Amino acid sequence: MKYKNNPLTPHLQIYRWQISSLLSITHRIVGVINFIAISLICFWALSLLLGQANYEITKKFLQSFLGKFIIISLCWTFSFHVLNEIRHLCWDLGYGFGIKTSKVTGVIAIIGSFVITVAIYLLGRNLI
Amino acid sequence: MNSSTKKWLFIKYSSVILIPSMLWFLVNLVSIYDSNYLEIVNFFATQPSKTLFSIFIVFAFIFSSLTISEIFEDYIHDEKIKNAANKFVYIFAIIMPLITIIGIFNLTL
């Protein structure tokens with residue numbers, strides 16, 4: 001069924017900011033960032049086809065402070081998206097709709113995303 | 001089944017597959033991103049990482065394109081621009097993983 005005059009989502013300035021709206025809009029922004037990130041990861045994988053000599057520039061960039069910062073930031077955006085998506089899946093199964101529960105799971109998603117980012121970094125660098 | 005229901009189910013099924021594959025990829029990304037050329041080629045060219053990475057990007061693009069089209073639905077007023085934006089994202093989400101998978105399956109050590 002198609003509605004030609006669907007009401008559009010109210011603009012962000014109409015909302016009174018609270019944890020549910022903060023997480024909702026962050027989830028969407030992070031989703032777009034992750035889409036761009038996955039595309040860049042594909043270009044990174046494809047750049048390997050150009051050979052070792054051509055990879056040196058990419059390697060130097062990834063070894064720089066900015067490169068490390070981007071990788072760690074991506075760990076956070078992906079971690080946040082995973083945790084918030086688990087929250088959405090719980091809602092789809094009919095759990096966690098209460099206002100208090102929703103706030104608690106929201107806080108868990110925020111704090112947990114930083115914890116998972118640190119854990120992924122330590123695991124990836126073989127530090128734990 | 002309603003097309004919106006199908007879309008919603010695709011989003012949910014792809015997210016369930018994406019959660020473990022994304023965590024797997026992140027740990028590996030952190031371990032190899034600053035490595036030398038041969039180590040990175042070794043990661044993408046050998047099994048099981050070659051297959052797991054392919055699965056990861058296929059589901060990542062399915063999930064991302066479907067959820068981004070929901071954002072277009074909510075925020076783009078003009079029907080023509082919305083349809084064009086949706087088509088662009090869907091075509092990109094098919095071509096990009098396809099080229100990448102062909103590329104990494106042609107990577108040799």
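This is a predicted model: local features need pLDDT of at least 70, side-chain atom pairs count only at pLDDT 80 or more; totals for chains, interfaces and linings use all residues.

Reader: Why are helix 3 of chain B and helix 4 of chain B called roughly antiparallel?

Author: Helix 3 (residues 49-75) and helix 4 (residues 79-105) of chain B pack at an angle of about 175 degrees, with their axes 10 Å apart. Angles over 145 degrees count as roughly antiparallel, and the two helices are therefore described in that way.

Reader: Which residues make the contact of helix 3 with helix 4 in chain B, and how does the contact divide by class?

Author: From helix 3 of chain B, the residues include B:Phe53, B:Ile57 and B:Phe61, and those they meet in helix 4 of chain B include B:Ala85, B:Val89 and B:Ile101. By class, this contact has 15 nonpolar, six polar and two charged residues.

Reader: What makes the largest nonpolar core a core of both chains?

Author: This core has 40 residues. Elements giving two or more residues to the core include helix 1 (19-47) of chain A and helix 2 (37-45) of chain B. Helix 3 of chain B gives the most, with 10 residues. B:Phe44, B:Ile57 and B:Ala60 have the most contacts inside the core.

Reader: How do you know that B:Phe44 is in contact with chain A?

Author: Contact requires C-beta atoms within 7 Å. Leaving aside neighbours within four places in sequence, the contacts of B:Phe44 include A:Ala45 and A:Leu48.

Reader: How many residues of chain B are in contact with chain A, and which helix gives the most?

Author: There are 35 residues of chain B in contact with 32 residues of chain A. Helix 1 of chain B gives the most to its side, with 10 residues. That side of chain B divides into 23 nonpolar, nine polar and three charged residues.

Definitions and conventions: Residues are numbered from 1 along each chain as its sequence is written. Chains are lettered from A and ligands numbered from 1 in the order in which they are written. Axes are lines fitted to C-alpha atoms, for helices over the stretch in contact, and angles run from 0 to 180 degrees between N-to-C directions. Helices (H or I, at least four residues) and strands (E, at least two) are DSSP runs, numbered from the N terminus. Angles under 35 degrees count as roughly parallel, over 145 as roughly antiparallel, 65 to 115 as roughly perpendicular and the rest as oblique. Two residues are in contact if their C-beta atoms, placed from the backbone, lie within 7 Å. Ala, Val, Leu, Ile, Met, Phe, Trp, Tyr, Cys and Pro count as nonpolar, Asp, Glu, Lys and Arg as charged, and the others, Gly among them, as polar. A nonpolar core is a set of buried Ala, Val, Leu, Ile, Met, Phe, Trp, Tyr and Cys residues joined through C-beta atoms within 7 Å. A residue is buried if 20 or more other C-beta atoms lie within 10 Å of its own, exposed if 12 or fewer, and partly exposed in between; C-beta atoms are placed from the backbone.
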